[in-house]
Amino acid sequence: MTITWLRDRRAGLAYRRQRLASQYARLRGSLAQHGVAGTWMRLRRELGGGRRPIAGETFAEPSEDFSPFAVPGSETPRVSIVIPVHNKFAYTAACLRSLAAHAASVAFEVIVVDDLSSDVTEQRLQEITGIRVLRNAENLGFVGSCNAGAAIARGEFVLFLNNDTVVTAGWLEALLRVFDEVPDAGLVGARLVYPDGRLQEAGGIIFNDGSGWNYGRFEDPDDSRFAFRREADYCSGAAIVLRRALFESLGRFDSRYAPAYYEDTDLAFAVRAAGLKVYYEPRSRVVHFEGVTAGTDTGSGMKRYQLINHGKFVAKWGEALRAQPAPGTAIHLAASHRTRHRILIIDATTPAPDQDSGSLRMVNLMKVLRRNACHVVFMASNRAWIERYTQDLQALSVEVLYHPFDSDPVALFRGRGAEFDSILLSRHYVAAEYVGLARLYAPQARLVFDTVDLHYLREQRAAELEQREDLARIAAKTRSQEIGIMRECDVSLVVSPVEQEILARDAPGVAVDVLSNVHEIHGCRRPFDERRDLVFVGGFQHPPNSDAVIWFVGEILPHILESIPDLRLHVIGSKVTEAIQALASEHVLVHGYVEDIGPFMDSARISVAPLRYGAGVKGKVNMAMSYGLPVVATPIAVEGMHVRAGLDVSVAAEAAQFAEAVVALYRDKTLWARLSVNGLGNVRSHFSFEAAEAAVRRIFRL
C-alpha cells in the first residue's frame, strides 16, 4: 500500500511539473509568434468553456386537481405515442400535460389505452381533446395494452410511454435524431431520471445469467459516464421508440411476458437478432415516477412477474446470453461490452470541426474508429465542457471526459489505464504531459503520437520567411521535444508522405505512419456559369492563414482586378484578427465564422490557397476539392497531397504567377471542369473515409 501510494504521488507530481513546464514553453513561443493580443486569444480558447451545467430540476408528485385541456395531436403523425394506463389518473394527466407543454416539431398522435381503470380515468380522458382513447374490453396488462395501442397506430414510428412519466423539452426530437444519424438504429430509449433529479437509467445491462442492471441508477444524470449516446443491451419500456413496421415484423411485444416485465428486454434482443441495434439517447430526458402502478416489491402483486418472466427470458434467449458479460464485470466495462477495442484520445481542446482543419480531422478519425467497433474516450487537456461541441462528440457515441466529473487526469490513468488497448496523444505539447502517465498506468496500450502536422517544420519555415533568429531558436526546441516524444511512443502519425520522408532523415529509427485528413465527398452541385468570385477558408488563430490572406490582398488581388474588375474575395474563418478585418473592402468581404460553408463552396468559382509557409496537409484544399471547387494554390499549400499541377489544381509560387493562374482558371470553362472532376477524384482516392479506413485499422491494429 505504501509503495503504491508513493508511486501515485510521484506520478502526480511528475505530471504537474511537466504540465507547468510545457505550458510555460508554449506561452513563450506564442508570445514570440503571435504577440500579446494573439496569445490572449489562444489562452481564452484553451481555457474557455467550463463545467457541464447541472440541471438540478426536480418534479413534485402530480396534483389531483384537474381541468380540461388539449394535446396537439396530428391526423398524419410521424410518431404514434402509445400510453397504457390503469388507474392513477393524476399521473396520466401530468404525462399528457407534459406532452402538450413540450409539443414537438414532429407531428405525433397520442393513443391512451385504458386497461379497465376503475377510478376517474375513463371520465376524465373524455375531457382531454387531441388524444385517441382505446378502452380494453378485458384486462390485458401492460403487454397486451401496448400491443392493442400499436395495432391502431398510424405513425411511421411507435413510441411506448409509461403514464407515470413527464417528458421534457426536445425529448422526442432527440429520440428521432438517432434514427436520422445512425443507419443501424433499431430501437432507441430515453434517459430516465427520478423526480428528485437523480438518474434512474442510462440504458440497461443484461448479464449472461439473464439478470439486469439499470446503468447509472441513483447517480448524477449529468455525469460524463452517462451523457453520451451508447449502444445498450436494452432500454426501459417506460420510454422507447422504434419503427412501427419493425415492431409488427417482430410480432409486437411477446405475449409470453404478459401481463408485464421483461417484454422490453425481449424486444431489444429481438431487434438485435434482426440485425439492428439498441441505443440509449441522453438528450431525451424523461422523468419517471417509478413503481407508481406496479410498486417495487418483487414478492407480491404485479412486480412478482419480474422474477417469473426472468426464467422465460433465459429459456428463449439462452444462446444470445452467452455473449453477454458475466455478473461481477466492472459495470462501466459491461455497459460497453460490444466494443472490440478501447481507445483513449487526448488533445489540447475539444475539437470544433467547423472552425479548423485539425478539429475536422480529429472528429472524422473518431467516426472511423466508431465504425470499427471501438469504444472511444476523449479528454481535452483543459477538461472543459464546451456547449455544442462536447455534445456533438457525445452524439457520435464518444465518451467525453470533463469537469467536474473528471478533473484529475492522474486518477483517470490510475483507475482506467488498464482498460485501454490504445492511447492517442495529439500534439507534442499535449503528449509531453501525458506520455509518462500512459507508460506507467497503461503499459499494455499501444501509444500513438499524432503530430497533427510537424510543428517544428512549420516553425522553421516561418523563421526562414521572416528571417527571425528568435523563431529559429523556438523551432529548434520544438524539434527536440517533438522527436523526443516520437522516440517514447510506439508509432507517430504524420499527415503526408512528405513529412514521413522528412522524419526518416531527422529521426531515423522512429516508427512513422501516415494518417491524413478525412473528408466527406459532397460533389460539385452547381455548374461553372452559375458561379462567381473567389473564396478563402481558414481559421485565423493559425498564423499561416493570416499571412496568406494579407499577402493575397496586398500582392495578388490588385493584378487580378486589372483583368476582372468586379471580382470579390470572400474570406471565411474563425478567430478573425484586427489585421484581417482591416482588409475588408468592396472587393474583400470578411465573413469570419460561418455555420454552413456549403453555400460558399457551391457559389464560388475558385478557392484560393496562397500559403507561404506551413506544414501538413491543408484542409482548405481538401475541403474545396470535396465540393468539386477548383483550387489555385502555392506549392506549400498542396505539399504531400498527391496532386498533379494543371490537372488536379493550378499551382503558382509567385504573386504575379498566382494572379495569372486565377484569371486563366476563372475564364476557362474547360480547365475549370477538368480541375473540378480530378480534384474530386483526388479526395476520393486519398482523403475520403474509405481511404482512411485501411490506415486506421493498420495503425490501431483493429
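Predicted model: local features only at pLDDT ≥ 70, side-chain atom pairs only at ≥ 80, totals over all residues.

Q: How far apart are the end C-alpha atoms of helix 11?
A: Helices are DSSP runs (H or I, at least four residues), numbered from the N terminus. The expected span is 1.5 Å times one less than the number of residues. The 15 residues of helix 11 (residues 357-371) should span 21 Å, and the end C-alpha atoms are 21 Å apart, which agrees.

Q: Which residue caps the N-terminal end of helix 11?
A: Asp-356 does, with a side-chain oxygen 3.2 Å from the backbone nitrogen of Gly-358. After helix 11 comes Ala-373, with a positive phi near 60°.

Q: Is Asn-682 buried or exposed?
A: Buried means under 20% relative accessible area, exposed over 50%, and partly exposed in between (1.4 Å probe, protein chains only). Asn-682 lies in helix 23 (residues 669-686) and counts as buried because its relative accessibility is 4%.

Q: At what angle do helix 15 and helix 16 pack?
A: Axes are lines fitted to C-alpha atoms, for helices over the stretch in contact (heavy atoms within 4.5 Å), and angles run from 0 to 180 degrees between N-to-C directions. Angles under 35 degrees count as roughly parallel, over 145 as roughly antiparallel, 65 to 115 as roughly perpendicular and the rest as oblique. Helix 15 (residues 455-466) and helix 16 (residues 469-488) pack at about 165°, with axes 8 Å apart, and are therefore roughly antiparallel.

Conventions:
Residues numbered from 1 in each chain as written. Heavy atoms only, no water. Helix = DSSP H or I, 4+ residues; strand = E, 2+ residues; numbered from the N terminus. Polar contact = N/O pair within 3.5 Å; in protein donor to acceptor, adjacent residues only side chain to side chain.
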